[in-house]
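Okay, thanks for coming, everyone. I'd like to walk you through a model, so please have a look at the screen.

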Amino acid sequence: MMVNCCGLLTANKEPVPLKSVGVELEVRDHVATVVSTLNYENKEDKPLEAVFVFPLPGDAAVCHFSATIGQTQIVAEVKEKQEAREEYDDALSSGQQAFLLEESEQSPDIFSLSVGSLPPGESASIRLEYVTELAVQADDGLRFCLPAVLNPRYQPQGSGGSEGASVQVTSVPASLVPYSLSFSARVSSPRPVSKVESNCSLDPLQYLNPEQTQATVKLAAGHKFDRDVELLIYYKDAHQPTAVVEAGQASAKPGTLMGDPVVMLSLYPEFPQAVMSSVASCGEFVFLLDRSGSMDCPMDRSKRRETRIGSARDTLLLLLKSLPMGCYFNIYSFGSSFQHIFPKSVEYSQKTMEEALKTVEEMGADLGGTEILNPLKHIYSQPCIPNQPRQLFVFTDGEVGNTKEVISLVKKNSGSHRCFSFGIGEGASSALINGLAKEGGGHAQFITGTDRMQPKVMQSLRFALQPAVVDISVTWDLPKGVSVTVLSPPITALFQGQRSLIYAQLTGESSKAAEGCVTVKYSLAGHPSQNQLHFSLKPAEDTGLTVHRLAARTLIRSLEMEERERRGEQDKGVKKKVVEVSVQSGVSSVFTAFIAVNKGDGEAVQGPLVRRNVPTPRPMMMACSMKRMMRCAPSSLNRPMMMACPMPMGGMASVAPDSLNMRKSSLCSLSLDDTPPFGDAGTAPKQPPRDPLLQLVSLQKASGCWVLDPALAAALGKTSEEVENLKLASVNQEVWATILALIWLHGFKMDAQDEWQLLAMKAVSWLRAQNASCVTECVEAGNALLGCNVKKDVLGL
């Protein structure tokens with residue numbers, strides 16, 4: 001498949017080459033330092049200005065940027081953004097080489113790098129360094145993601161920003177991308193590294209010491225950088241609380257953030273078992289599902305039959321069956337517009353559950369773009385139900401151009417709900433998914449590659465059903481002469497076994513043997529609780545300035561949020577403070593930029609600089625979403641949007657200044673093959689046979705019981721006669737059916753227990769309420785029928 005290559009090639013039909021990308025990752029416990037080296041060459045006969053637009057994790061702190069041209073290295077400085085832009089323009093007009101790196105004003109996970117005035121025949125090597133925290137996954141793995149592409153970023157109508165990078169890129173098959181990627185990682189931790197997994201082929205893990213606390217791993221040779229590179233790192237005893245104290249910068253003034261030591265605390269609260277085993281029987285559960293065109297893409301490249309929307313429908317089935325009787329719920333779905341099943345949240349019952357499931361079954365990826373702000377506003381406009389805490393579950397595979405506006409709205413309403421977010425497939429914005437959960441006091445999950453959505457979502461439902469932790473306070477006990485300034489925003493949510501991070505600046509002198517203590521106090525289910533961590537004030541060795549930079553990033557993000565909330569008020573103090581912290585720490589912010597100028601013997605540039613694009617890989621997601629958008633929602637193409645902008649970690653793009661909108665006309669440069677990925681246009685894909693577990697689950701009643709009928713017999717793999725014949729005469733039919741379903745789950749689906757655990761607990765509660773006789777005999781008969789050996793106490797009876 002060929003694409004329209006207008007503006008992509010030189011007169012000699014050669015691409016403006018990004019020759020190679022090298023990435024080195026260093027992971028210390030749960031903090032990552034990433035160094036990317038990008039090598040360019042200008043084969044034009046004129047000076048070249050190219051612009052490189054790239055994604056980073058939303059909570060990354062860019063802390064170093066330098067360029068080497070020939071034998072000359074220039075290191076960038078952080079300056080106020082307007083000042084940096086003016087310096088860049090002045091440098092170019094006087095013929096000097098200059099580089100400008102800035103963050104988008106709409107989304108904290110997009111950066112643009114202007115590579116100005118690269119002379120003919122010259123090579124340039126750019127080094128970019130950032131630090132980031134690694135998120136803990138459902139299975140306790142730490143997730144690192146190196147994004148391959150800047151995915152379709154939908155710009156909702158009327159939300160356009162005045163500044164930032166607008167990328168208009170023509171995409172090509174990954175096989176034609178002319179540059180290579182090398183990637184290596186070094187992992188070290190106080191605890192042994194048990195394994196490292198990836199969605200890409202890795203060379204075997206190499207341990208560097210007998211304790212297995214240090215290891216290296218590389219991408220296998222020949223990797224095509226046509227997808228995100230995801231690493232999952234597992235430690236033994238991952239849930240130990242830790243404290244790292246990092247010495248200040250020798251050249252910085254004591255009393256400043258960079259001049260004082262900084263401590264990073266990782267806390268893992270442990271709740272009493274009695275509280276953990278109880279599940280709330282109330283709550284208002286609001287599910288918000290993305291139905292934009294790209295949700296019709298496959299969950300995984302190799303398994304084309306299951307789509308993201310199909311997996312989301314199955315997940316909603318499990319969620320609806322697992323809700324407690326007595327709660328309230330509603331389901332919203334969104335694209336360019338939004339819909340809801342009920343005008344307002346309704347009480348959970350057999351009738352409302354069936355009505356919701358019927359609507360869910362018919363949901364397709366047919367609502368166009370990704371406008372999440374309006375449905376959120378509508379949800380928040382609904383009054384809360386007394387004694388039913390609101391829990392919001394958001395499912396999306398997309399990126400939006402107004403990420404910061406969305407997250408601000410969630411923060412504004414954080415006092416009235418908890419928000420649990422799920423990023424589905426490659427391309428879900430880490431800034432959006434993590435931001436929703438962080439500001440909404442919930443938990444974020446990413447579902448990529450061959451991951452099943454259900455276990456991760458059910459883990460979050462278990463968190464939502466845990467009693468909310470309230471009255472959280474953090475107190476410090478430090479030696480005389482040492483004071484503390486907490487740089488992190490207050491902790492608003494605690495979940496069993498989930499990490500909470502606190503950064504704090506330590507001012508003053510203490511003896512080398514001195515110890516500090518931090519106590520987290522909170523109230524759980526009406527009981528006061530606390531967790532304590534004692535730590536040495538002696539700084540760790542060899543941490544560089546990683547902790548300081550992450551602390552600065554945390555403070556900058558908090559101040560930026562405060563500035564957005566105050567926008568319109570005449571208060572320049574917050575912005576000034578952000579610029580001050582950013583410049584002092586060398587960490588990027590929305591109000592600053594990195595500027596590097598090579599003040600060599602430049603001559604004024606005659607005429608305009610040439611701008612060029614480099615071919616960038618066309619991810620499967622983009623082709624799929626574009627075809628769906630064009631087929632399902634032609635009306636959505638009339639809106640301004642940033643669609644179809646796949647950008648590799650080293651792609652160059654021409655930049656349209658002062659706009660984040662890629663308008664309808666630019667879609668014309670995208671040549672899309674017309675074959676839908678699933679069957680012929682206009683025909684529904686063949687539905688795969690339903691998973692036996694979901695088949696059984698779909699038959700459960702809202703109360704938790706099953707009914708004895710031919711559908712249940714078929715789901716258990718038996719005939720109606722076989723099921724009827726072994727039933728004890730004195731036993732109620734629904735009791736017998738429910739015991740059979742529980743035995744089948746324990747006997748055949750223990751590997752998926754995370755998915756059915758809550759609905760099984762509901763079934764057991766229903767059985768106990770029946771006070772049925774002969775339960776022991778029923779379990780024995782059920783085992784005989786199904787060929788299992790499940791004990792009564794294992795079932796919870």
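This is a predicted model: local features need pLDDT of at least 70, side-chain atom pairs count only at pLDDT 80 or more; totals for chains, interfaces and linings use all residues.

Residues are numbered from 1 along each chain as its sequence is written, and side-chain values use heavy atoms, with hydrogens and water left out.

So, helices. Helices here (H or I, at least four residues) and strands (E, at least two) are DSSP runs, numbered from the N terminus. Look at α5, residues 373-381, and α6, residues 403-412: they pack at an angle of about 10°, with axes 10 Å apart. Axes are lines fitted to C-alpha atoms, for helices over the stretch in contact, and angles run from 0 to 180 degrees between N-to-C directions. That makes α5 and α6 roughly parallel, a label for angles under 35 degrees.

Who makes the contact, meaning heavy atoms within 4.5 Å? On α5 you have L373, L376, K377 and Y380, and on α6 there's E405, V406, L409 and V410. By class that's six nonpolar, no polar and two charged residues. Nonpolar covers Ala, Val, Leu, Ile, Met, Phe, Trp, Tyr, Cys and Pro; charged is Asp, Glu, Lys and Arg; the others, Gly among them, are polar.

Now the sheets. Three strands, in the order β29-β32-β33, form an open antiparallel sheet; strands pair if DSSP finds at least two bridges between them. At the edges sit β29 (469-477) and β33 (527-536), each pairing on one side only.

Keep β18 in mind for the last stop. Which strand gives the largest share of the lining of the second largest cavity? It's β18, residues 229-235, with three residues. The lining also includes D29, H30, R191 and Y268, and overall it divides into seven nonpolar, two polar and three charged residues.

That's the tour, thanks!

How values were computed
Angles under 35 degrees count as roughly parallel, over 145 as roughly antiparallel, 65 to 115 as roughly perpendicular and the rest as oblique. Contact means heavy atoms within 4.5 Å. On a 1 Å grid over the protein atoms alone, a cavity is a set of points where a 1.4 Å probe fits but cannot get out, and a pocket is an open set with protein on both sides within 12 Å along at least five of seven lines; lining residues have an atom within 4 Å of a point.
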